[in-house]
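I opened my notebook to look at a ligand shell and the domains around it. Here is what I looked up, in order.

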Amino acid sequence: MRTLAVILGDHLNEDSAAFDGFDPRQDAVWMAEATDESQHVPSHKARTVLFLSAMRHFRDRLRARGLTVIYQELQPGSLAGLLQRDIEQYAPERVICVWPGDFRLKEALSPQVHQFLEDRHFLSTPDDFRRHAEGRKQLRLEYFYREMRRRYRILMEGDQPEGGAWNFDADNREPLPAAGPGKMPPPLRFPPDATTQAVMADVEQQLPGNPGSLASFSWPVTREQALEALQDFVTHRLPLFGRYQDAMWTAEPFLYHSLISSSLNLKLLDPREVLAAVEQAPAPLAAREGFIRQILGWREYVRGLYWLKMPGYAELNALDAQAALPRFYWTGDTEMACLRDAIGQTLEHGYAHHIQRLMVTGLYAMLLGVAPRAIHEWYLAVYVDAVEWVELPNVIGMSQFADGGIMASKPYAASGKYIDRMSNHCGGCRFDPAQSTGPRACPFTTLYWDFLMRHEQTLRKVPRMDMQLRNLVRLKPEQKKAIAEQAADIIRTGCPTTSSSAPAAASAPLWSNV
Ligand SMILES: Cc1cc2nc3c(=O)[nH]c(=O)nc-3n(C[C@H](O)[C@H](O)[C@H](O)COP(=O)(O)OP(=O)(O)OC[C@H]3O[C@@H](n4cnc5c(N)ncnc54)[C@H](O)[C@@H]3O)c2cc1C
C-alpha cells in the first residue's frame, strides 16, 4: 500500500486534501470508531451517534465510488491504538491526515501520521490568523470580520459594506413578543435510517452510561440531508434570524436558528455554500448580515484563536474559579426555570442555541465560579456540534472570561434581569430576577452582584465594565453583606439551599462509566 489516508469523524468532505492525488489502485482510506473518543469526556449519546452514523454513511459513499476503506466499527480503545494496529497489518509507505479539530488528537496521532494536511473547509488558515494577530495589542472579532468580508467580497459594494454599515445589531436581538413565537414551521428533522439505528444499538450497548437521550435523534447524517436542512433554514427561519437570535422561550428549543453547526463541523456542509445561500436569500439585510457574521466571522475567528493559543489556552483561569460543576448540569433537575429548560433540551437534543449557552448555562457557571476545565468538559460532552477548536474558545474565552479578555473585551456578566428581558422563563419560575436577597431572590441576581464584588479589583482594569461597577458602588454595606452571605450558600451547594434539587456534586461525576 502506498498511502493510507486517515479520515477523522469531523472530516467528512469528499473534496478534502486527503483525496488529492488519491489512487484507488494503491491507496486506501482508514476510518475508525474508538470508544475513547466518547469517553475522554462522557459524550452525549446523540453526539456519538451523529458522528458515527455520518462516518458510516461517508464510508459507504466512498466504497460506492470504488475506494478501499479500512473501517473499524465501534470498539474499545483509542484512535491512535487502532491506527497503529492497522499500520502494522497493512504497512503503508505513508500515512496522511487532515489537520485534526483538537490539539489532543493531533498530539496522539503525530507519531503515526507522516503529514498533516491543511483543512480546506475553512476560509482562513491558522497562518492567516497568526498574521492577522501579529503586532495587534488586542484581538477583536470586528477587525478580523471586516478583513474577511473584504477578502471574500461578501455583502460588499466596492470597498464598502452593503447597506452602509458593517453590522445591524440595532435592528437585531429583540425579545419575542409577549404572545411568544406563534406558529412556526418546525425545522426539518431526519428520523434515523437503518444505518443510524445500527449505530444507536452499538452506542446503547457499548456506552450505556453516557449522558443524553436518543429518543429525539433526528440530525442530518449525510450531505444531502445537510443541504436540505440549510435550504429549510434559509426559506423559513432566516428572515427573522437576526431579530430573534438572542431570544429564548420555554419549550422552544430551536426558534429561528439554523441548526447547521453540526453539519458544518462534520464538514457535510461547506461554509462557502452556506454563505452564498444566505447572501442571495430574499431576507432583510440585517438578518443576512447577522448570520454571515457568525459563519464568516465568529466561526473562523475562534478557530484561528484556538490554534494560535493552544495548548496553554485550555489551562487559563484568569478569575481563579475553583468550584465544582453543579450536579444538575447532568440532569436538568433544578428549580431555576431557565437552566431547567436549557439543560433539559440539551440532554434531549444535544442542542441549545447561542444565548442559552452563553447567558444561561455559561453565565451561571461563571457567576458561581466553576473551574473552567470542568465547564469546558461539560460543553465538549453535551452538544452534537462540539469539537474542541470551536467549543474551547467559546467556553474559556467568551463565556467564562477565563482568558482574561483575549477573546472578549469584557465578561458576559448579567443578572437575572437579562434573562427576564430576553425570555418568558422568569414568569414561570419561583425566583424573582429583581431580588438579590431573600428566599425568592434569583440566584443569577445574587451571584451577579457577588461576582462584581469578588472580582472588583480585576474588573476595574476592564474598561467596558465601568458602568456595571458604578452600580455596585450604589449598594449599601449591609446590602453587600447580605448578598455575599446568600451567594456563599449558593456557591457551597451549587444552587439555592432552599431548593429541593440536588446539591452540587463536589466530587463524584453523575455519569456512570467514567
Ligand atoms: C459556551 C459556548 C459553547 C459553544 N460551543 C460550541 C460548539 O461546541 N460547537 C459549535 O459549533 N458552536 C459552539 N458555540 C457557538 C454557537 O452557540 C453554536 O454554533 C450555535 O448555537 C449552533 O446552533 P445553530 O447551528 O442553530 O447556530 P445559529 O445560531 O443558526 O448560527 C449559525 C452558525 O454560526 C456559527 N456560529 C455562531 N456563533 C458561533 C460562535 N460563537 N463560534 C463559532 N461559530 C459560531 C455556527 O456554525 C452556527 O451554526 C458555543 C457557544 C458558546 C457561548
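Entry 1, the ligand shell by domain. I find that domain 2 (126–184 + 237–310) and domain 3 (327–493) each supply at least three residues to the shell around the ligand. I keep in mind that this is a predicted model.

I see 27 residues surrounding the ligand, with His257, Ser258, Ser261, Gln294 and Glu391 the closest. The elements giving two or more residues each are helices H10 (261–266), H12 (285–309), H14 (354–368) and H16 (388–399). H16 gives the most, with 6 residues. Sorting the shell by class, I get 13 nonpolar, 10 polar and 4 charged residues.

I asked myself where H12 bends. My note says at Arg293, by about 30°. From first C-alpha to last, the 25 residues of H12 reach 34 Å, close to the 36 Å expected at 1.5 Å a residue.

The assignment for the protein chain lists domain 1 (3–117), along with domain 2 (126–184 + 237–310) and domain 3 (327–493). I then turned to the pair of domain 1 and domain 2, whose C-alpha centres are 30 Å apart. Where they touch, 7 residues of domain 1 are in contact with 7 residues of domain 2. On the domain 1 side of that contact I note 4 nonpolar, 2 polar and 1 charged residues.

Key
Residues numbered from 1 in each chain as written. Predicted model: local features only at pLDDT ≥ 70, side-chain atom pairs only at ≥ 80, totals over all residues. Near = placed C-beta within 6 Å. Helix = DSSP H or I, 4+ residues; strand = E, 2+ residues; numbered from the N terminus. Nonpolar A, V, L, I, M, F, W, Y, C, P; charged D, E, K, R; others polar. Domains from an automatic or database assignment. Expected span 1.5 Å × (residues − 1). Bend = angle between axes of the 7 residues up to and from the residue. Contact = placed C-beta atoms within 7 Å.
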